[in-house]
Amino acid sequence: CQSETDLQTIREELVNTLLRLIRPSLVMLYELDEETNRLQVIQQGGIKNLPDAAAQGYTFGEGIPGWVMQNQNIVILPEISKEPYLQTDPWAKALDLRSYAAVPVITPEKSIGIIAMYSHEANFFQDSNLLIAQLAAQLYGLSLANLTSK
């Protein structure tokens, strides 16, 4: 039988693995709170002492994170400052984060969250490191499905 502590350990390992293998400046793991219908930050790693606004989350379908989850598709923004229609958060620009990537976390039944990554370097995220993030997201989704089915 798995416990909540085990789930927290899995989340920490997921974020730490992405930090180690891909080396973004910041990794944020969001999961959908079905009661509030909001994507909430469940785990983060990388940059410390983020502004309070970074933890506010998104309504389902809101902004890029909401779109990634709703459409179960990847987003890569090579240069945040040059995106004319970008709905990136002001706190990310204030921290001089330059590029962004997000992958959905999907269980066999549904999309349950996203992994968002930021880098201080423009054009940081490429297909090769997004493949790592996709695989990690798939494994995490399967782990969640297994934990909730027990």
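**Exercise 1. Is Glu 79 buried or exposed, and which salt bridge does Glu 79 join?**

Before we start: this is a predicted model, where local features need pLDDT of at least 70 and side-chain atom pairs count only at pLDDT 80 or more, while totals for chains, interfaces and linings use all residues. Residues are numbered from 1 along each chain as its sequence is written, and side-chain values use heavy atoms, with hydrogens and water left out.

*Step 1.* Glu 79 comes out at 10% relative accessibility, so it counts as buried (buried is under 20% relative accessible area, exposed over 50%, partly exposed in between, with a 1.4 Å probe and protein chains only).

*Step 2.* Now look for the partner: the side chain of Glu 79 meets that of Arg 98 in a salt bridge, 2.5 Å from N to O (a side-chain nitrogen of Lys or Arg within 4 Å of a carboxyl oxygen of Asp or Glu).

*Step 3.* Arg 98 sits in the loop between α3 (90-94) and β5, and Glu 79 in the loop between β4 (75-77) and α3, so the pair ties together parts 19 residues apart in sequence. Helices (H or I, at least four residues) and strands (E, at least two) are DSSP runs, numbered from the N terminus.

*Step 4.* Arg 98, at 31% relative accessibility, counts as partly exposed.

**Exercise 2. Track down the other salt bridges.**

*Step 1.* The structure holds three salt bridges. One of them joins the side chains of Glu 31 and Arg 11 at 3.0 Å, N to O.

*Step 2.* Glu 31 belongs to strand β1 and Arg 11 to helix α1, so this pair links parts that are 20 residues apart in sequence. Both Glu 31 and Arg 11 are buried.

*Step 3.* Glu 34 and Lys 110 also pair through their side chains, at 2.5 Å from N to O. Glu 34 is in the loop between β1 and β2 (38-46) and Lys 110 in the loop between β5 (99-106) and β6, so here the parts tied together are 76 residues apart in sequence.

*Step 4.* Glu 34 counts as exposed at 55% relative accessibility, and Lys 110 as partly exposed at 37%.
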